[in-house]
Amino acid sequence: MILAVQGSNRFEDYTIFLRSMLTGLGTMHDDDKEINIYSAGPYRVNDMAQEFSNKSEDSLRARGIRIRVRKVTQRWLKTNMGSVDYFAFFSKPGEPISELVDVADDLKVEAQVYTFQ
């Protein structure tokens, strides 16, 4: 399974990030044995992705599932969006939404926008 995340510079709510990861993992198939999280930043979102991976690693490993995070550029993610299973974008109200949401929609990739104070 491939999860992709990106956020605005002001987004900092780890609880919302966790909610999105649980939603994304809900789309996981029973035969998936690997979770790859591609994070297109900024640094806070990259850190949240890494923290989620670190905290989940032991419980997932016990079920035979491997998890890892890769930091990628927005350009790389745009080019490879077709291989993503779930894309989440995070922002504060009033901030512009990433063009990657439109790219995901065009490619029929499950995409969610999380906009919270």
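The model is predicted, with local features needing pLDDT of at least 70, side-chain atom pairs counting only at pLDDT 80 or more, and totals for chains, interfaces and linings using all residues. Residues are numbered from 1 along each chain as its sequence is written, and side-chain values use heavy atoms, leaving out hydrogens and water.

**Exercise 1.** Find the strand order of the open sheet.

Step 1: Strands (E, at least two residues) and helices (H or I, at least four) are DSSP runs, numbered from the N terminus. Two strands pair if DSSP finds at least two bridges between them.
Step 2: Strand β2 (residues 34-39) joins β1 (residues 2-7) through four parallel bridges, and A4 has Y38 as its bridge partner in β2.
Step 3: β2 also pairs with β3 (residues 66-71), in parallel over six bridges; here I37 stands opposite V69.
Step 4: β1 pairs with β4 (residues 86-91) in the parallel sense over five bridges.
Solution: the five strands run in the order β3-β2-β1-β4-β5. The edges are β3 and β5 (110-115), each pairing on one side only.

**Exercise 2.** Work out the handedness of the unit made by β1, α1 and β2.

Step 1: Point the strands away from you; a clockwise path from the first strand over the helix to the second is right-handed.
Solution: β1, helix α1 (residues 14-25) and β2 form a right-handed β-α-β unit.

**Exercise 3.** Is β2 mostly covered or mostly uncovered?

Step 1: Buried means under 20% relative accessible area, exposed over 50%, and partly exposed in between (1.4 Å probe, protein chains only).
Solution: β2 is mostly covered, with five of its six residues buried.
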